[in-house]
Amino acid sequence: TRSATQRIIRETLDAMALGGLYDHVGGGFHRYATDAQWRIPHFEKMLYDNGQLAALYAEAFARSREPQDAFVLRGVLEWTLRDMTSDEGLFFSAIDAEVNHREGQNYLWTRDQLVATLGPDDGAWAADVFGVDLGPNFTDPHHPEDGPKNVLFLRARPDELARELGVDLDAFYERLVTITARLREARN
């Protein structure tokens, strides 16, 4: 039925947006997930995937007016303009999965790194909201000696997190944007 289809679409959009498939720090989507929860991506990012996903989230927002859809769409478009567009206005096609011969190195965090980057209060907030406090979720299979780290994911929908934290949704998004901008600066 149509309502069952709409529920499946909503659950899929949420799973992609909340999990590690979406780059919560830099925007844009990784190519695919390597686990059933969609938290651990193959860290490569492809322009063509993101173009299709931008169109999908734009249509979803037009139909539902779901703030999360608009937030994700904005993140994909900002990432495209910032990281996938040359000075001449041309588009790059992909970002490699490896950095310094390490799978996803720029996308992995520890609680200590979050606190060092953001300070104790914002670092603790980020570790909670991004599931870091639940324990590490990634070890590079080619370099296990690097130790376990975290792919960031939202541990619940933003509206649920805002309610849990006792703030309105706009205040939650405002803090999220500020924190991810600082993390992006550190990552860069």
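Contact here means heavy atoms within 4.5 Å. The structure shown in these views is a predicted model.

**View 1. Helix α3 and its residue D69.** Helix α3 covers residues 67-83, which is 17 residues. From its first C-alpha to its last, α3 reaches 24 Å, close to the 24 Å expected at 1.5 Å a residue. Its buried residues are Q68, D69, A70, V72, L73, G75, V76, W79 and T80. An α-helix has 3.6 residues a turn, so residues three or four places apart point the same way. D69 is found in this helix. D69 counts as buried because its relative accessibility is 0%, and the cut-off for buried is under 20%. Leaving aside neighbours within four places in sequence, D69 is in contact with R10, L13, Y57, A60, F61 and S64.

**View 2. The crossing of helices α5 and α7.** Helix α5 spans residues 120-129 and helix α7 spans residues 169-187. Their axes come within 11 Å and cross at roughly 105°, which makes α5 roughly perpendicular to α7. On the α5 side the contact is made by D121, D122, W125, A126 and V129. On the α7 side it is made by F172, R175, L176, I179 and R182. By class, this contact of α5 with α7 has 6 nonpolar, no polar and 4 charged residues.

**View 3. The packing of helices α6 and α7.** The axes of α6 and α7 are 9 Å apart, and the two helices pack at an angle of about 100°. They are therefore roughly perpendicular to each other. Helix α6 contributes P158, D159, L161, A162 and L165 to the contact, and helix α7 contributes L169, F172 and Y173. The residues of this contact of α6 with α7 divide into 7 nonpolar, no polar and 1 charged.

**View 4. L161 and its surroundings.** L161 is found in helix α6, residues 158-165. L161 counts as buried because its relative accessible area is 0%. Not counting residues up to four places away in sequence, L161 touches V129, L154, R155, A156 and F172. L161 and V129 are 32 residues apart in sequence, and their C-alpha atoms are 7.4 Å apart in space.

**View 5. Aromatic rings.** A search of the whole structure finds 7 aromatic pairs. One of them is formed by F43 and F138, with 5.4 Å from centre to centre and 85° between the planes, an edge-to-face pair. This pair links distant parts of the chain, 95 residues apart. F43 lies in the loop between β2 (41-42) and β3 (45-46), and F138 lies in the loop between α5 and β8 (150-151). F43 is buried, with a relative accessible area of 0%, and F138 also counts as buried, at 9% relative accessibility. Elsewhere in the list of aromatic residues, F71, W125, F172 and Y173 form one aromatic cluster.

View 6. Most residues other than glycine have a negative phi. W38 is not a glycine, but has a positive phi of about 60°. W38 is found in the loop between β1 (32-33) and β2 and is partly exposed, with a relative accessible area of 29%. Phi of R65 is near 60°, also a positive value in a residue other than glycine. R65 is placed in the loop between α2 (47-64) and α3. R65 counts as exposed because its relative accessibility is 56%, and the cut-off for exposed is over 50%.

Technical notes:
Residues numbered from 1 in each chain as written. Predicted model: local features only at pLDDT ≥ 70, side-chain atom pairs only at ≥ 80, totals over all residues. Heavy atoms only, no water. Helix = DSSP H or I, 4+ residues; strand = E, 2+ residues; numbered from the N terminus. Expected span 1.5 Å × (residues − 1). Buried < 20%, exposed > 50% of the residue type's maximum accessible area, 1.4 Å probe, protein only. Axes fitted to C-alpha atoms, helices over the stretch in contact; angles between N-to-C directions. Parallel < 35°, antiparallel > 145°, perpendicular 65-115°, else oblique. Nonpolar A, V, L, I, M, F, W, Y, C, P; charged D, E, K, R; others polar. Phe/Tyr/Trp six-rings, centres within 6.5 Å; stacked < 30°, edge-to-face > 60°.
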